[in-house]
Amino acid sequence: MFRRRFSAGPRLPTQAIKLTQSDSSTIPRLELRDIRKVYPAVVANDGVNLTAYPGDIHAIVGENGAGKSTLMKIVYGVTKPDAGEIRWEGERVRINRPADARKIGIGMVFQHFSLFETLTVAQNIALGMEGPYRPDELSERIESVSEHYGLPLDPRRLVHSLSVGERQRVEIVRCLLQEPKLLIMDEPTSVLTPQAVTKLFDTLRRLAGEGCSILYISHKLEEIQELCGVATVMRRGKVTGVVDPKKEGAAGLARMMIGRELPAYEHGEPVSVREERLVLDRLSMTSDDPFGTDLKDISFTVYGGEIVGIAGISGNGQQELLKAISGEAPLPASRASAVRIDGKPAAHFDADTRRDLGLTFVPEERLGRGVVPPMSLDENALLTTYRKGMVRYGLIDRLRVREFAEQCVQDFDVRCAGTHAAAKSLSGGNLQKFIVGREMNQKPEVLVVSQPTWGVDVGAASAIRQALIDLRNERAAVLVVSEELDELFEICDRIVVIAQGRISPARKPSETDMEEIGLWMSGMFPESETVKVSTSGTSHVA
Amino acid sequence: MTETIVGILLATLGAGTPLVFATLGELITEKSGVLNLGVEGMMLIGAVCGFAAAAESGSLWFGVVISMFAGGGMALLFGILTLTFQANQVAAGLALTIFGIGTSAYIGLDYTSVTLPNIDPIQLPFLSDIPVIGRLLFSLDPLIYLSFAMFGAISWFLYRTKGGLVLRAVGESPESAVSLGHHVIAIRYLAVWFGGAMAGLGGAYLALVYTPLWVEEMTAGRGWIALALVVFSTWRPSRVMVGAYLFGGVTIVQFHIQGFGVDIPSQLLSTLPYLATILVLVLISRDIHTIRLNAPASLGKPYHPDL
Amino acid sequence: MWLKIEARPAPSVRMKYLSPLIAVALTLMTGVIFSAFMSLNPLNTFHAFFISPIDDWYGLGELGVNAIPLVLIGTGLAIGFRSNVWNIGAEGQLAMGAIFGGGVALYFYEQEGAYVLPLMFVMGALGGMFWASIPAFLRTRFNTNEILVSLMLNYVAILILSYLVHDLWRDPDGFNFPESRLFSESSTLPIVLEGTRLHFGVVIALGAVALAWVFVRKSFLGYQMQVAGMANAAALYAGFKRKRMVWVGLLSGGLAAGVAGLMEVAGPIGQLLPSVSPGYGYAAIIVAFVGRLHPFGILLAGLLMSLLYLGGESAQMDLGLPSAVTGVFQGMLLFYLLAADLFINFRMRRDTAGSRVAGAGL
């Protein structure tokens, strides 16, 4: 039986939930009491309580920005709480640094891996462990542990040559070598194919079976229902419920997570006009990043009036493909027709010229690429719209720039202190709405969007998705790159998969399923109908 | 003829040694992700403080030690600006150089006409009697041996120890290093300090052994050449040695060209090391791929633990 | 109680303008402590440094004479600095401007003609731009670091100048001194304030400030360069032409330094010497930073830096302090500025809660 204390957050029906327990001991492995953490602009954690028992797989659920990651960083000693206490196996502890956490048996797999590209697997693992570095001894241990848990790894390989899935294995093995009693996994499945997720869950269940507690952070409700025995739900830094996810149901969890029902979209049938708006024709390109992915023979077409989605595990060439389409990485003029916008060869143009042809682009990094962080929204509006009569005789017409910025703010409901506010003062969701608005209000023929709703709250996310659909209904061609399969299935008319720099054939969402797309994401797709690829690559993601 | 060649090679060794010290030091600083453009200033301060200490105490070794403290102190000033106060590394490095030039000129006023005794070379028994090789390798002044030792120690540290691993990790991704529990700022302070101490040592070699005199701005751009050599070396100690002696050679050859009967004005010959630096930089930098692959990924970027 | 540094939600505009003043105040305070340490009367030192150099018209004229190259070069460099193009070769570009412009003066020696002076300006400008175009070309063509190249070229330019005045252009009646002939009347700048050495360059420098202000505030290219300086990826995303910015950034500095160099030899110096600048090219870097890379700020900072030069000379005469003190204070000023700038983006807070993390154990 749990003794549970609810925080000052909204009080929920406290039905007594009886949870099955794999360990008979009643001393919790980890107990957090009234944890509070304040950043200059935001209260990240506000009176958070949490209890995890040995053998538990305990989900921490919440939207982006709900405070899950901050809480876990506090447990792992990366961040210090402003108030509250941490109890470890009944004892009050102070965790000042990750080394303290590791010493008592806490391991953490970060969402953004803490790996070093230029070092080997063994060196990377050594960096997360105490004591001197003995390469041979360590390599042996890595091999034996990775074998035991079904996570094959070669300790001598350089990390930059590993796929994202393999990198996650490095992180997990690094934790397992320390025989942790508590393992924190931060959004581990965002980098995995559905098949690899199943394998990961097997590993986690085995670990839990051996008595290890697991804190599993996620915003994907189906996964939590499949894997976790208990879930702590967070919203805006507070705990809004502690439930058994298998009993609670997705709708209830979602309500606790976002405070209301999940929004629905007005979709409608595609209005495809069979006009080739964006054509990629046997595009091959070497990445300018030494650790990047080369593009191989990529061909597909986006017609007016449709949304095409590109699925794939990050690091499979998305960055390179987007730069090749946007013009940030132009090709030599001899290969100009590898990218055609509205029929015109454009692969050799820079981003500026491609906008003249009617292409606009929303990049995945907002601060520093989509906008200049210290500049005002006005000045940021000018960034991509200057060809629309805002510059005369080389001088800026600030009045027209402001008008345009104000229109974006109004049309897309951007919450800000005014268009003079610095871009970096906006929340992630509002900033994304501003950028999407800026690119859409230019009435593009082709809109390319990368990770449209990454780090964006649910309200803004649904507004952005609806805007994409509306644009497509106005017969523009829309290309969406996303790692969220759900999102692609929801808004796209056709989906292709990118893996190891190659592109799969296209499928309508109604004619495929997560299973097939997941398989394709690991590189196992039939050779494209339009282009034959001579060598079929080996699996990049296991 | 052998005499001349041995003479040139020995002179090359001498001319290259200040660069070896300064470049190895800057290499360590840059490996931690910090770009300190103030090498010239730190060398000058090291040179003048070392010279003054040696002149006042009569002990060259005391001068050497003081030069390291002085160079290291300058580096800490840079560290406070960039690591604690988050200043732009380029601007802070320039400030360090300007400050170093002015301050060294000020400190050195009383020492411009002082001379120091020569440092005696260490004659390794038997080995130094070997013809040619003996004189080239086994009867050198002690600071050259120290520079060899430094090269060995730094190579060993970087590639064979946990500390070296941590240093490289911090330079590649401070964010990751922090999340693994490494003290990025402290490690960077150490690396910056070490770079300064080595630059000071390089300056001391110039003022105490190579000339041995104090002249205003006597480093004559060697600090900047050291920065270029780090790029040339693609951040590898062994190539630092190659580069440093190459430049030592260029410096020496300019003195000998006229001896060979080539009539070029001395001022124009003196431009050779600078032009050679530019040439070398061009040759190395055009291969962007190699630079990106070898340069510490966070080089020159500010890092603040709270952001 | 601990002081904790934390990020401000938005940069402080007030601190942006306050921090140069704080830096100046701290430099002054250090100077006072310094002079007390040297057992000098701080008041006398202050007077010698900052009052006596400019207590008459001639002194004020000198303030202007020294400020002309500093303001001009600082303005030119700032245009590059705003887009992270680091031209630190102004000292060499200045020398090249002096060589090219001075060469014209020597070529037309003792020829009267209104065309000589304008031609000298054109050649001086071209000389500075030519020297700056080398790092620009190497940077855009071979990705070579412009900091190191432009710096190396300083040494080269000064050696070339030294060769010329020692050899090719040495004054035949100069008793073998390393200096050129004195420029003739038609090749020297007119004086604008009677009784001082303040010359026509003051018009050029003020004009440059005004022009730069329009460029920075109003022009689209100025905006593009600002974007590139703040977020290079955003400039690439917008499709701004990086190479053009590198060229503009370096050439504007080269142009300014070249003209400044020409005006030094055609103005206060009146001939070519082995050294035509007491480090103006480096001091202008500090001027640009202290002036917040803003043209008007640079104007004020240039005057301040000029006063520092004059103060150094006057302290040498009145107090017997070495003129090297000027260099010490220049560096110090930039140090303090960079440190004070922390408070634009960060603020201090008393760390009250952070130290109260609960618990014993471990």
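Predicted model: local features only at pLDDT ≥ 70, side-chain atom pairs only at ≥ 80, totals over all residues.
Chain B averages a pLDDT of 90, and 99% of its residues score at least 70. Among the elements of chain B, helix α9, residues 184-210, has the highest mean pLDDT, at 96. The lowest mean, 73, belongs to helix α5 of chain B, residues 133-137.

Next, chain A. The domain assignment gives four entries for this chain. Domain 1 covers 52-79, 96-105 and 180-258, and domain 2 covers 113-178. Domain 3 is made of 265-358 and 446-542, with domain 4 at 370-443.

I will stay with domains 3 and 4 of chain A. Their centres, taken over C-alpha atoms, are 26 Å apart. The contact between them takes 11 residues from domain 3 and 11 residues from domain 4. On the domain 3 side, α11 (351-356) and α15 (458-473) of chain A each supply at least two residues. The largest share of that side comes from α15(A), with 5 residues. By class, the domain 3 side has 7 nonpolar, 1 polar and 3 charged residues.

One helix of chain A deserves a stop: α12, residues 377-385. Why do we call α12 of chain A largely enclosed by the rest of the structure? Because 8 of its 9 residues are buried. The cut-off for buried here is 20 or more other C-beta atoms within 10 Å of the residue's own. The buried residues of α12(A) include A:L377, A:E379 and A:N380. Further along the helix, A:L382, A:L383, A:T384 and A:T385 are also among them.

Now the contacts with chain C, beginning with chain A. Here 41 residues of chain A are in contact with 28 residues of chain C. Which elements of chain A give two or more residues to this side? They are β4 (83-88), β5 (91-93), α11, α12 and β18 (395-396). The side of chain A that touches chain C has 20 nonpolar, 8 polar and 13 charged residues.

Last, chain B against chain C. In this pair, 39 residues of chain B are in contact with 41 residues of chain C. Two or more residues come from each of α4 (89-108), α10 (222-232), α12 (266-270) and α13 (272-285) of chain B. The element that gives the most is α4(B), with 12 residues. By class, the side of chain B that touches chain C has 28 nonpolar, 9 polar and 2 charged residues.

Conventions
Residues numbered from 1 in each chain as written. Chains lettered and ligands numbered in written order. pLDDT = per-residue confidence, 0-100. Helix = DSSP H or I, 4+ residues; strand = E, 2+ residues; numbered from the N terminus. Contact = placed C-beta atoms within 7 Å. Nonpolar A, V, L, I, M, F, W, Y, C, P; charged D, E, K, R; others polar. Domains from an automatic or database assignment. Buried ≥ 20, exposed ≤ 12 C-beta atoms within 10 Å, placed from the backbone.
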